[in-house]
Amino acid sequence: MLARVAENIYWLGRYLERVDGTVRLLNAHTNLLLDSPYTTASIGWTPLLAVTGMDELYFEHYPQVTAASVSKFIIADTRNSGSLVSSIQAVRYNLRACRDMMPTSLYTTINGLCLASKANLGDNFNVANKHMALSDIEQRMLAIFGAIDSTMNRDQSYQFLRVGLHIERADMTSRILDVRSANLLPTKDQQSLVPFDNRQWESVLQSVSALQMYRRQSGAVAGPEVLNYLLQNNTSPRCYRYCVDRLQAHLQAIGGGEKALSELAKLIERLESAQMTELANDPSSLHAFVDELEILLIGVSNGINESYYSPKEI
Amino acid sequence: MGSHWENYEAPGFDELIDKAGQPRTASRKLVQYFNELSDEQIDQRRRAAELAIKQMGITFTVYSDGENIDRDWPFDIIPRVIEHSEWMDIQQGLVQRLIALNMFIDDLYNDQNCIRDGIVPEDLLDSSKNFLPELRGIKPKHGVWAHICGSDLVRDIDGTIYVLEDNLRVPSGVSYMIENREIMKRTVPELFNLCNILPVDDYTANLRAMLSSLSDNPNPTLCVLTPGVFNSAYFEHTYLAQSIGATLVEGRDLVVLEDDCVYVRNVEGFQKVDVIYRRVDDAFIDPECFNKESTLGVAGLMRAWRAGNVAIANAPGAGVADDKVIYAYVPELIRYYLDQEPMINNVPTYRCGEKDQQEHVLANLDKLVVKPANESGGYGMLIGPQSTLEEQEECRDRILADPRNYIAQPTLAISTSPTLYQNDVAARHVDLRPFVLQGEHVTVTTGGLTRVALVPGSLIVNSSQGGGSKDTWIVDTRGEVEPEELDTPVESQSQSQS
């Protein structure tokens, strides 16, 4: 397939996953705060800004941190390049360029998402309807993933889409881990923030929609086990290692991605050498480790770019 | 007749309703169906069609819309109907016409017998914008230059069908023809049980076969070359590429290497291309040869084409016959090349390049339709009876400045077809664009794209200027069709959990 279109499909995958991941994160976070009666809006909602890396931009446009403003900023603000509405615009942009490669039902489900976003997440977005809007997107994403699975030929367009999906999911998971490791969920006594109590770890699992599967696999929630699960488990689709393994498989299926694969090998090596217990008990080590992972993943992304999208020498 | 048609009035010939106000044979069942619908039911179907168009992403782009690059396709749910036996005659006429046109183009680029024998004047080529003299001596496969032709047909007040013009460069609209049928199948499927409506989706298989026949490779690599996402017909480019299993490419995806072959930049490297269905104009197709500033084309493409290493449909230079002045000679060309009488006639046409005809035109600007030879989209036209004195003066100046570039035709009272207008049915002018394919064989679409002027009283059907379209039905009235019997239950074949 065309190198140019491969790049569009890769970014289509990344942005679709970004939409899905953002909705899951928002839902989990909202839910969590409903069960945190002593948390102020500022303490409760600021971490969400940090996950998307948009804290500075936020304060340029909004005077305070409130549930309503942060929700609006993340869902419907076009000035925020990481917002849901912006991500869906990027989905639409990339979809146009690779439209001919999409089976009809996949095209119509993605197009439906874009149309719904235009209708519901525009200037008329009312944060009071947040739940309905997010729920609608959630349903649409399920239909889109279903269409990908059941109608796409397992050819290069499929492989590139999956590469985009998995790299984005890995990226989001590590970011959530990073922020949640730094932010301590306060308990009744707001003065003594207890690091890494089990509720905190549960909330991290919730943010990546992995709590239920974790419980089936590993039972009780405790720091080292949760970290191990999120980073090393290779059978749960929400987990970092799983994403990275699938990334490797798809790159190998495409072929010719030596640069990307060698970067990926470095990342896997670093992942395998991590000491979960140590990381679980020391927030700053965890932060440093996740930082390393993020840099290594960027290396993989650059490798993909070099291997496939850059113009070949004639 | 029922309430929707009580006040129906057509100014001239109507496609569905005859002079006595009764539906024509092929339209009987259709008209009866619409009569039996309440206002609410009609409105519901209209909205369902609009929704389907949105969901299916059937769009087009109007350049003056700025950032809104996707407009929903404007569609009317009442189809236009042509009786099958009449269509068979029209089809034959279209085949005849394209064969003659291709023989003409091939002649112009080789021996030019038609000029030597005085069928067309020599100076016609001198002033032709689309004739590319550097292409003389080339003999494309099967002797065909215009592989895809969209000939616009209109019907005059006495019911006669005329060819209005031949679009031989990059004619568009066929994807909308196919999607219009899909919209109808979704919104009014019950109609398809009532009448024998011939299917239209064989076009893409024929297109693929025709393009493949242009290559000696038994399993050729096909590409559709698009100017890109901002082009007004981008939807069609993606649709056709997908339907024929071709790769949709832009100029930057192709490269011509030292072997004078065209390659496409794939993920794993270069793959040889055998046939290019190009939707980029001649001028932009090769910066090595033509417009040097063009970023839409492929440097060296003409080199590859001349060497016979890639086929291009429509061939560069085919546009010489897409010229309203040459159009005026087509009946003579049919006689000259085929020794046959044209089965479909031209609209009577005055050539402003000829002194006496020019005088007649200038004296009758308020009665004629004046068209520049090379514009499309309905731009630059003067519609005499609807024009102001000022517009006529401007037209006069343009004709005098460049007479060879203008033709004029009497204002035809072109036929109308019932169209939904608010909650009523009103007569709106229509034309028809069938698509004719010629490679190894010649095939014609079943019907074509019916364009309708949605603005009351307007004659302009182009979508960029307020036009819309309808599904076109070729209805076979031989033998009545009974509504299908209710499905009888069949023994279940598949497994269930016990």
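Domain bounds come from an automatic or database domain assignment. This is a predicted model, in which local features need pLDDT of at least 70 and side-chain atom pairs count only at pLDDT 80 or more, while totals for chains, interfaces and linings use all residues. Residues are numbered from 1 along each chain as its sequence is written, and chains are lettered from A in the order in which they are written.

**Exercise 1.** Let's find how domain 1 of chain B meets domain 2 of chain B.

*Solution.*
- Step 1: The assignment for chain B gives domain 1 (1-200 + 321-346 + 415-481), domain 2 (203-313) and domain 3 (348-411).
- Step 2: Taken over C-alpha atoms, the centres of domain 1 and domain 2 of chain B are 27 Å apart.
- Step 3: In domain 1 of chain B, 27 residues are in contact with 22 residues of domain 2 of chain B (contact: C-beta atoms, placed from the backbone, within 7 Å).

**Exercise 2.** Now work out how α12(A) and α13(A) are oriented to each other (helices are DSSP runs of H or I, at least four residues, numbered from the N terminus).

*Solution.*
- Step 1: The axes of α12 (residues 240-254) and α13 (residues 258-272) of chain A come within 11 Å and cross at roughly 155 degrees. Axes are lines fitted to C-alpha atoms over the stretch in contact, with angles from 0 to 180 degrees between N-to-C directions.
- Step 2: α12(A) and α13(A) are therefore roughly antiparallel (angles over 145 degrees).
- Step 3: Residues making the contact include A:L247 and A:L251 of α12(A), and A:L264 and A:I268 of α13(A).

Notes: Helices (H or I, at least four residues) and strands (E, at least two) are DSSP runs, numbered from the N terminus. Angles under 35 degrees count as roughly parallel, over 145 as roughly antiparallel, 65 to 115 as roughly perpendicular and the rest as oblique. Two residues are in contact if their C-beta atoms, placed from the backbone, lie within 7 Å.
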